[in-house]
Amino acid sequence: MNNYQEPIFDVAQLAHVEIYSPKPEETVEFFERFLAMEVTARSGQSAYLRAYEEPYHNSLKVTEAKEAGLGHAGWRTLSPQALQRRVEAIKETGMGRGWIEGDIGHGEAYQFTLPDGQLMELFWDVEYYQCDDAYRSKLLNRPSKRPERGVPVRRLDHINLMSSNPQKDAQFMIDNLGFRLREGIEDEGNLIGSWLSVSNLMHEIAIMPEPNQVPGKLHHLCYWYGIPQNLYDIADVFKENDIFIEVPPNKHGISQAFCMYVYEPGGNRVELFGDAGYLIFDPDWKPVIWDMKDVPGYGDTWIGTAFPDSWWTQGTPVTKTQNV
Ligand SMILES: O=C/C=C/C=C(\O)C(=O)O
Ligand SMILES: [Fe+2]
């Protein structure tokens, strides 16, 4: 058994996501007013936000840009030593961009891109949120009081990217960062969809096909409630405020998560999780593979309305969709 390929446990979590918005103030208002996130800093064209149960200074950076899309995703490693090991591995791939000083909320980070071009970074040094007395919760394991406005999300859960070569990107995450494939969608033998994680969550990242092979897109970012009823509460608020609901409260087959998809005012798709679906504890988990023909009505939506075409074809930045 000594030839067993041990997992790489160097990446700990998805710590933050930067999204681009052509309507930054409306995007910030969406997260602040409806999802009750707190703006913890502003600098230049960016605002930094956190959810009330997140321990770090921020988990979301909203940056003004011409078009919606992914700015970058930030992954925290398990230790400073783990960071160094992963940086060496990434350097070998030629996808490394080099070190940056850091950003508001975290220290030096090593940046790289996926083969498809999406920008990512690895870091260890992080700034923990310092709670003002006015926000201190009586629930000692909660970093700040539950906000009284909107329907407050509790933490960042995952990102989902659209790729011109999803199989190549998934393999990159597996080979160099220790992600494990949990579920996949195959079409004519190609892995076109993958749900990958480094924790007990079933995914911190998913990678799906861009129908016209346009590289570098974001499909969605997801925040977690953990309480299915909250999806109906926030759906009511969205409806009252003309926020487009693409997929109403729904149970996914893949991941078994209870979800809902909306578009924030800047145009990026945001998923909300009523619960995160099943957790994984088997150290030798065998990926569950779906054939694409079996997905509609089972893998995508197990219970709820059918997914609209837009869910399979639209990401950000938006490009004209030829007939797919
Ligand atoms: O077609 C299957 C889609 C599943 C999506 C997810 O599990 C997710 O985006 O969290
Ligand atoms: Fe998702």
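**Figure 1. Surroundings of Ser21 in the predicted model.** Leaving aside neighbours within four places in sequence, Ser21 is in contact with Thr27, Val62, Thr63, Glu64, Ala65, Glu67 and Gly266. In this predicted model, Ser21 belongs to strand 1, which covers residues 11-21. The relative accessible area of Ser21 is 0%, so the residue is classed as buried, the limit for that class being under 20%.

Figure 2. Three residues coordinate the iron ion: His158 through NE2, His220 through NE2 and Glu271 through OE. The distances run from 1.9 to 2.1 Å. Along the sequence, the spacing of these donor residues is H-x61-H-x50-E. His220 sits in strand 13 (residues 217-224) and Glu271 in strand 16 (residues 269-275), so this pair links distant parts of the chain, 51 residues apart. His220 has a relative accessibility of 1% and therefore counts as buried. Glu271 also counts as buried, because its relative accessibility is 1%. Water is not among the atoms, so the site may look incomplete.

**Figure 3. Ligand 1 and the residues around it.** There are 16 residues around ligand 1, and those that come nearest are His203, His220, Ile254, Ser255 and Tyr261. The side chain of Tyr261 has an N or O atom 2.9 Å from an oxygen atom of ligand 1. For the side chain of His158, the corresponding distance to an oxygen atom of ligand 1 is 3.3 Å. For the side chain of Glu271 it is 3.3 Å. Taken alone, ligand 1 exposes 310 Å², and the protein buries 100% of that area. Two of the residues named here, His158 and Glu271, are also iron donors.

**Figure 4. Ala36, a residue with positive phi.** Ala36 is located in the loop between helix 1 (24-34) and strand 2 (38-43). Its phi angle is near 60 degrees, a positive value in a residue other than glycine. Ala36 counts as buried because its relative accessibility is 3%.

**Figure 5. Gln213, a residue with positive phi in another loop.** The loop between strand 12 (205-209) and strand 13 holds Gln213. The phi angle of Gln213 is near 55 degrees, again positive in a residue other than glycine. With a relative accessibility of 51%, Gln213 counts as exposed, since the limit for that class is over 50%.

**Figure 6. The cis peptide bond at Pro317.** Thr316 and Pro317 are joined by a cis peptide bond, with omega about 0 degrees. Pro317 lies in the segment that comes after helix 5. Helix 5 covers residues 309-313 and, among the elements of the protein, has the lowest mean pLDDT, 96.

**Figure 7. Confidence of the prediction.** The average pLDDT of the protein is 97, and 99% of the residues score at least 70. Among the elements, the highest mean pLDDT, 99, belongs to strand 4 (residues 60-64). For the complex, the predictor gives an ipTM of 0.94 and a pTM of 0.97.

Terms used
Residues are numbered from 1 along each chain as its sequence is written. Chains are lettered from A and ligands numbered from 1 in the order in which they are written. This is a predicted model: local features need pLDDT of at least 70, side-chain atom pairs count only at pLDDT 80 or more; totals for chains, interfaces and linings use all residues. Side-chain values use heavy atoms; hydrogens and water are left out. Donors are N, O and S atoms within 2.8 Å of the metal (3.2 Å for Na, K and Ca); water is not among the atoms, so sites may look incomplete. Helices (H or I, at least four residues) and strands (E, at least two) are DSSP runs, numbered from the N terminus. Buried means under 20% relative accessible area, exposed over 50%, partly exposed in between (1.4 Å probe, protein chains only). Contact means heavy atoms within 4.5 Å. pLDDT is the predictor's confidence in each residue, from 0 to 100. A residue is near a molecule or strand if one of its heavy atoms lies within 4 Å of it. A polar contact is a pair of N or O atoms within 3.5 Å; within protein, one must be able to donate a hydrogen and the other to accept it, and residues adjacent in sequence count only if both atoms are side-chain atoms. Accessible areas come from the Shrake-Rupley method with a 1.4 Å probe; for residues, only the protein chains shown count as cover.
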